[in-house]
Amino acid sequence: MGGGQERVLPVLAMTCGYSRVTGGVMIASRKAGDILAGMWQIVAGWDACPRTLVWDREAAIGGTGRPTIEATSFAGTIGVRLKLAPPRDPEFKGLVERRNGFFETSFLPGRTFTSPVDFTEQISGWLATRANTRVLRSIGSLTPTDRWAADRAAMVALPPVAPSIGLTHRVRLGRDYYVRIDANDYSIDPRAIGRFVEVLATPARVVATCAGQVVADHARDWGHARTITDPTHQATARALRQDLAIRRQQQARSTRVHGDGHVVTIRALPDYDALFGVDFDPRPAPGAATAEGR
């Protein structure tokens, strides 16, 4: 993960039921937003989506036995059906489970990975040249590639608008001007302190908005317990602190304190004139006679 840090990250695999073509991608977490982002990346690569998405009872997809709101919205936007496997029935989605075992025995041994991007690139190349081109007896001694054209022709075309993916967060920005996404802290423009900010974390970016204006845009860090700071945000915070210090100094100079410690209000001089009925206006009152007019 860079900086001497290593993590064990999940990998999302999708297998087509008819052709047995498999896609795989490493994802940042097992949260709904990241899982759906991985699904969208795979189906976008296919430029089509199977009419039914079969899932086990993954907590972020349907851990209670019913699809979550995020998963239902994703399937509804694409226009496909989402089907959950019965409880304690791993054979229901045995196609994917067998592919996972194949990954562990044929892809992972002897490989090293320098980053999540490197992992995804390696598994994508291996799937295209090895897994999806081997002969399978279960489909009549054909390869998944041989059946791919017919399988894809029966799929649903992708919608013109992408579904909602990624991690979302809404929070009132605190004085430290940082928000936490997936165990990492990202800086936000300090001028948004005290206001609500909307944060969207995709696999690649973390973008925050306030009242429709972008107040932060970071590359997403897949590490753990890190602090990501924009130098512009630091400079803005420094300027705001200096302005606050100047205002406090000005306020202190314009405030008098009594001997017992309480603040003495500084009144404007015209207030005392009005209190004692003194009028220093040199202009004569309306209707008064002047020396020349007598």
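Strands here are DSSP E runs of at least two residues, helices are H or I runs of at least four, and both are numbered from the N terminus. Two strands count as paired if DSSP finds at least two bridges between them.

This is a predicted model, with local features needing pLDDT of at least 70, side-chain atom pairs counted only at pLDDT 80 or more, and totals for chains, interfaces and linings using all residues. Residues are numbered from 1 along each chain as its sequence is written, and side-chain values use heavy atoms, without hydrogens and water.

Stay on β10 and pick A216, the bridge partner of A208. Now show the whole sheet. It is open, four-stranded and antiparallel, in the order β5-β8-β9-β10. β5 (167-172) and β10 (213-219) are the edges; each has a single partner strand, so one side of each lacks a neighbour in the sheet.

Next, go to the largest nonpolar core, which has 30 residues. Such a core is a set of buried Ala, Val, Leu, Ile, Met, Phe, Trp, Tyr and Cys residues joined through side-chain atoms within 4.5 Å. Buried means under 20% relative accessible area (1.4 Å probe, protein chains only). Select M39, L53, W55 and I61, which have the most contacts inside this core. Then colour α1 (32-46), one of the elements that each supply at least two core residues. α1 gives the largest share, eight residues.

Definitions and conventions
Buried means under 20% relative accessible area, exposed over 50%, partly exposed in between (1.4 Å probe, protein chains only).
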